[in-house]
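Subject: The model I promised

Hi,

Here is the structure we talked about, with the sequence alongside. Have a look at it first, then read on.

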Amino acid sequence: MHLIESAPFNLGQKKVYLGVPGNLVAFVCRISFHRGFEGYVSFTAKTQLIGHYEKTLGAINIGGHLMVINTEAALKLIDKYFKR
């Protein structure tokens, strides 16, 4: 993934929609499966968000700011956001 962001009106405690970033990541994981990459997705995280991505997306920090979502985490995200 290159970049995902929430709209300014959808930040903080007064956000309009819940789960938008997770939904976007789950969608990318689905595309990864469809393209034969077993759900794997990588992205560069901002330093202060590394722990958040580990907790909320199941991402793994593999060094520096590089994060990876593996098959197991991808399946959990897809199941959470896209009921099969």
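Below is what I found, from the whole chain down to single residues.

First, the ground rules. This is a predicted model, so to speak plainly: local features need pLDDT of at least 70, and side-chain atom pairs count only at pLDDT 80 or more, while totals for chains, interfaces and linings use all residues. Residues are numbered from 1 along each chain as its sequence is written, and side-chain values use heavy atoms, with hydrogens and water left out.

**The chain as a whole**

The chain has three helices and three strands, and from the N terminus the order is α-β-α-β-β-α. The radius of gyration is 13 Å against the 12 Å that the globule rule gives for 84 residues, so the chain is as compact as a globular protein of that length. (Helices, H or I with at least four residues, and strands, E with at least two, are DSSP runs numbered from the N terminus; the radius is taken over C-alpha atoms, and the rule is 2.2 Å times the number of residues to the power 0.38.) Along the principal axes, the C-alpha atoms fill a box of roughly 35 × 35 × 20 Å.

Of the 84 residues, 27% are buried. Buried here means under 20% relative accessible area, exposed means over 50%, and partly exposed is in between (1.4 Å probe, protein chains only). The accessible surface comes to about 6,000 Å², and 58% of that belongs to carbon and sulfur atoms; areas come from the Shrake-Rupley method with a 1.4 Å probe, and for residues only the protein chains shown count as cover.

Among contacts with a separation of 6 or more, 44% are between residues 24 or more positions apart, contact meaning heavy atoms within 4.5 Å. As for charge, there are 10 positive and 5 negative side chains, and the centres of the two sets lie 10 Å apart. Lys and Arg count as positive, Asp and Glu as negative, and His and the chain ends are not counted; each charge is placed at NZ of Lys, CZ of Arg, CG of Asp or CD of Glu.

In α2 (residues 50-57), the buried residues are I50, Y53 and L57. Seen down the axis of α2, they fall within an arc of 70°, so they line one face of the helix. The arc is that of the directions from the helix axis to the C-beta atoms. These buried residues pack against α1 (20-34), β1 (41-44), β2 (60-63), β3 (66-69) and α3 (71-81). Just after α2 comes G58, with a positive phi of about 75°.

In α3, the buried set is A73, A74, L77 and I78. Down the axis of α3 its buried residues fall within an arc of 135°, so here too they line one face of the helix. Their cover includes α1, α2 and β3.

N23, in α1, counts as partly exposed at 30% relative accessibility. Leaving out residues up to four places away in sequence, N23 touches Y81 and F82. N23 and Y81 are 58 residues apart along the chain, with their C-alpha atoms separated by 5.8 Å.

F27 also belongs to α1 and is partly exposed, with a relative accessible area of 42%. From F27 to A74 it is 47 residues in sequence and 9.5 Å in space, C-alpha to C-alpha.

S32, again in α1, is buried, with a relative accessible area of 5%. With residues up to four places away set aside, S32 touches F37, E38, G39, Y40 and V41. The C-alpha atoms of S32 and S42, ten residues apart along the chain, are separated by 11 Å.

One of those partners of S32 is E38, found in the loop between α1 and β1. E38 is exposed, with a relative accessible area of 52%. Its phi is near 55°, a positive value in a residue other than glycine.

Cheers
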